[in-house]
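Subject: Structure for your review

Dear colleague,

Please find below the structure that I am handing over to you. My findings come after it, and I would be grateful if you read them with the structure open.

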Amino acid sequence: MIEVKGLTKFYKQIRAIEDVSFSVEKGDIVGFLGPNGAGKTTTMKIITGFMPPDSGVAKVAGFDVFESPLEVKKRIGYLPENPPVYNDMTVYDYLKFVAEIKGIESKKIDVEIERVSESCGITDVQKRLIAHLSKGFRQRVGIAQAILGNPEIVIFDEPTIGLDPNQVFEVRTLIKELAKEKTIILSTHILPEVEMTCKKVIVIHKGRIVAKENIEDLLRRRTKISEMTVRVKRFSIELMKQIRDKFNIKVSQPPELENGFNFELENQEDRIEDIAKFIVDGGYGLLEFRPITLSLEDVFRELTTEEKTV
């Protein structure tokens with residue numbers, strides 16, 4: 001359905017994305033993950049034809065995004081980070097306006113508006129001005145405009161940003177329902193949204209793709225043979241160095257682990273007791289000593305942060 005090869009985009013001298021390549025098959029539900037500023041929105045804007053790349057190719061259903069933009073737009077529904085709604089219009093008038101722009105036949109417009117309004121839970125607010133709606137309802141209107149015309153692919157860019165917890169739950173539930181019949185790309189830095197709906201994940205960091213595979217495969221592939229987390233009362237970099245040198249192992253300190261460190265063993269599980277004994281005998285005040293079970297959040301941090309190593 002979507003084929004991206006070698007996309008590169010610079011804003012003056014600043015690299016937004018470089019050599020981005022991936023594919024999305026029909027029926028896929030893909031999480032496009034990355035920290036703020038990683039290049040997610042730039043990539044989505046290129047795929048949907050909002051801006052050209054400096055180099056590379058993007059195709060949707062076999063159509064080049066910039067050689068056949070109308071054919072591409074017929075097949076994609078897009079919800080940008082800031083929903084493209086007009087506050088001085090009623091919900092109905094806005095959806096009718098969007099339907100006309102999308103080329104939906106006049107006799108089918110009302111039926112289509114009713115369909116998307118029911119799907120998005122906005123039937124009761126069709127006559128209200130968009131300016132008078134809550135942010136959650138404005139987001140629903142944004143989703144409704146994205147699925148007008150029943151596109152094969154729907155792209156959501158940070159769909160729950162700025163919403164309160166109840167609104168987040170409502171929007172996530174709606175996306176989950178849409179995922180049953182659409183090819184979906186969910187671009188976000190919020191991991192629960194991906195874990196709730198997606199089967200595949202693409203991770204972008206500093207403008208480059210750093211992972212692209214099924215979530216289960218990603219977790220399995222990045223799980224070490226034996227990796228442990230240690231927390232102590234009296235932590236020091238010197239302790240990390242002693243552990244590294246004495247046992248000849250890799251030792252690292254993730255940013256969020258202020259009073260401890262991780263160490264990695266490969267086929268040396270019998271040395272775990274020796275390391276624990278060394279810490280206890282050294283009087284460092286052992287607080288925690290456990291194996292690491294990787295979650296999607298763990299893998300995301302590993303792929304998009306740099307650990308201190310000694």
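The notes below go from the whole chain to single residues.

This is a predicted model, in which local features need pLDDT of at least 70 and side-chain atom pairs count only at pLDDT 80 or more, while totals for chains, interfaces and linings use all residues. Residues are numbered from 1 along each chain as its sequence is written, and side-chain values use heavy atoms, with hydrogens and water left out.

Overall form

The C-alpha atoms of the protein fill a box of roughly 80 × 40 × 35 Å along the principal axes. The protein has 11 helices and 15 strands; these are DSSP runs, numbered from the N terminus, with helices being H or I of at least four residues and strands E of at least two. The domain assignment gives domain 1 (2–220) and domain 2 (224–292), with bounds taken from an automatic or database domain assignment. The C-alpha centres of domain 1 and domain 2 are 43 Å apart.

Of the 310 residues in the protein, 47% are buried. Here buried means under 20% relative accessible area, exposed means over 50%, and partly exposed lies in between (1.4 Å probe, protein chains only). The protein exposes about 15900 Å², of which carbon and sulfur atoms supply 49%; accessible areas come from the Shrake-Rupley method with a 1.4 Å probe, and for residues only the protein chains shown count as cover. Among contacts with a separation of 6 or more, 68% are between residues 24 or more positions apart, a contact being heavy atoms within 4.5 Å.

Interior

In soluble globular proteins, nonpolar side chains tend to be buried together. In this model, the largest nonpolar core has 49 residues, and those with the most contacts inside it are Leu33, Val91, Leu95, Ile122, Val141, Ile143 and Phe156. A nonpolar core is a set of buried Ala, Val, Leu, Ile, Met, Phe, Trp, Tyr and Cys residues joined through side-chain atoms within 4.5 Å. Leaving aside residues up to four places away in sequence, Val91 touches Ile122, Val125, Gln126, Arg128, Ile130, Leu133 and Val141. A second, separate core of 25 residues includes Ala38, Val60, Ile76 and Ile153.

Glutamate 193 belongs to helix α7 (residues 191–197) and, not counting residues up to four places away in sequence, touches Pro159, Thr160, Arg172, Leu186 and Thr188.

Surface and salt bridges

On the surface, Tyr86, Phe97 and Ile101 form a nonpolar patch with about 310 Å² of accessible area together. Patches are made of residues with over 30% relative accessible area and no salt bridge, with like charges joined within 9 Å and nonpolar side chains (Val, Leu, Ile, Met, Phe, Trp, Tyr) within 5 Å. Phe97 lies in helix α3 (residues 91–101) and is partly exposed, with a relative accessible area of 33%.

The structure holds 17 salt bridges, each a side-chain nitrogen of Lys or Arg within 4 Å of a carboxyl oxygen of Asp or Glu. One of them joins aspartate 281 to lysine 277, with the closest N and O atoms 2.7 Å apart. These two residues are separated by about one helical turn because they are 4 residues apart in helix α10 (residues 272–281). Aspartate 281 counts as exposed at 54% relative accessibility, and lysine 277 does so at 52%. Salt bridges that share partners also join Glu71, Lys74, Arg75 and Glu152 into one network.

Glutamate 18 pairs with arginine 15 in another salt bridge, at 2.9 Å between the closest N and O atoms. Glutamate 18 is partly exposed at 23% relative accessibility, as is arginine 15 at 33%. Glutamate 177 forms a salt bridge with lysine 180, where the closest N and O atoms are 3.2 Å apart. Glutamate 177 is partly exposed at 44%, whereas lysine 180 is exposed at 64%.

Backbone

Alanine 61 has a phi near 55°, a positive value in a residue other than glycine. Alanine 61 is in the loop between β4 (55–60) and β5 (63–64). Asparagine 248, also not a glycine, has a positive phi of about 55° and sits in the loop between α9 (237–247) and β12 (250–253). Asparagine 248 counts as exposed, at 68% relative accessibility.

With kind regards
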